[in-house]
Amino acid sequence: MVVASGLVGATASPAGAASVKEGRDGLEIQGSTRPDQPREGKWVTYAVHIQDASGAPLAGAMVRLPGGMADGMAARADLRPTGVAGIYSGRLLLTMRGRWDIRLTSAIPAAPAR
Ligand SMILES: [Cu+2]
């Protein structure tokens with residue numbers, strides 16, 4: 001079940017992304033990158049903080065950052081829990097200078113049937 005999908009970064013050179021966006025279901029997503037000014041051909045670490053509509057950290061989600069360029073190039077990062085509730089982190093390699101649109105998808109695995 002997808003609970004959130006939002007644009008977390010749109011970058012020019014190629015991938016600075018520190019933005020606040022509201023996803024579906026009232027989720028609030030804050031993203032940051034390290035380094036602040038990513039460069040093509042260098043790994044970029046993305047950290048995102050996800051809160052639900054009540055302001056509680058979203059735990060137990062599967063979080064991905066698919067990115068793409070207008071020319072069809074694509075990259076994807078699978079983010080992992082960091083040990084801090086609601087914060088997920090992962091690395092992304094953007095191989096070309098230019099505008100990348102980085103989106104975030106998060107899903108909560110369905111609870112097992114009882
Ligand atoms: Cu490209």
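The model is predicted, with a mean pLDDT of 77 for the protein. Welcome to the details, grouped by topic below.

**Overall make-up**

- Of the 114 residues in the protein, 27% count as buried.
- Take the contacts in the protein with a separation of 6 or more: residues 24 or more positions apart account for 56% of them.

- In the protein, 74% of the residues reach a pLDDT of 70 or more.
- Confidence is highest in β6, with a mean of 93, and lowest in strand β1 (residues 2–11), with a mean of 48.
- Residues 1–5 stay under 50 in pLDDT, and the model has 25 contacts for them beyond four places in sequence.
- Residues 10–20 are also a stretch with pLDDT below 50; the model gives this stretch 39 contacts beyond near neighbours in sequence.

- The side chains of β4 alternate along the strand.

**Strand partners of β4**

- Strand β3 (residues 28–34) pairs with β4 in the antiparallel sense, over seven bridges.
- In this part of the structure, E28 stands opposite Q51 of β4.
- β4 also pairs with β7, in the antiparallel sense and over seven bridges.
- Here T45 stands opposite R91 in β7.

- Six bridges link β5 and β6, which pair in the antiparallel sense.
- Five residues lie between the strands in the hairpin of β5 and β6, where G72 takes a positive phi near 100 degrees.
- β6 and β7 run antiparallel and are joined by two bridges.
- P81 has Y88, in β7, as its bridge partner.
- The hairpin of β6 and β7 has five residues between the strands, and G83 takes a positive phi near 100 degrees there.
- As background for those phi values, most residues other than glycine have a negative phi.

**A closer look at M69**

- M69 sits in the loop between β5 and β6.
- Is M69 buried or partly exposed? M69 counts as partly exposed because it has 17 C-beta neighbours inside 10 Å, and a buried residue needs 20 or more.
- Leaving out residues up to four places away in sequence, M69 touches M96, G98, R99 and W100.
- M69 and R97 are 28 residues apart in sequence, and their C-alpha atoms are 9.9 Å apart in space.

**A closer look at L93**

- L93 belongs to strand β7.
- L93 counts as partly exposed because 14 C-beta neighbours lie inside 10 Å.
- Which residues is L93 in contact with, leaving aside its neighbours within four places in sequence? These contacts are W43 and A75.
- From L93 to T45 the separation is 48 residues in sequence and 8.9 Å in space, C-alpha to C-alpha.

**A cis peptide bond**

- P35 lies in the loop between β3 and β4.
- The peptide bond from R34 to P35 is cis, and its omega is near 0 degrees.
- For background, most peptide bonds are trans.

Methods
Residues are numbered from 1 along each chain as its sequence is written. This is a predicted model: local features need pLDDT of at least 70, side-chain atom pairs count only at pLDDT 80 or more; totals for chains, interfaces and linings use all residues. Two strands pair if DSSP finds at least two bridges between them. Helices (H or I, at least four residues) and strands (E, at least two) are DSSP runs, numbered from the N terminus. A residue is buried if 20 or more other C-beta atoms lie within 10 Å of its own, exposed if 12 or fewer, and partly exposed in between; C-beta atoms are placed from the backbone. pLDDT is the predictor's confidence in each residue, from 0 to 100. Two residues are in contact if their C-beta atoms, placed from the backbone, lie within 7 Å.
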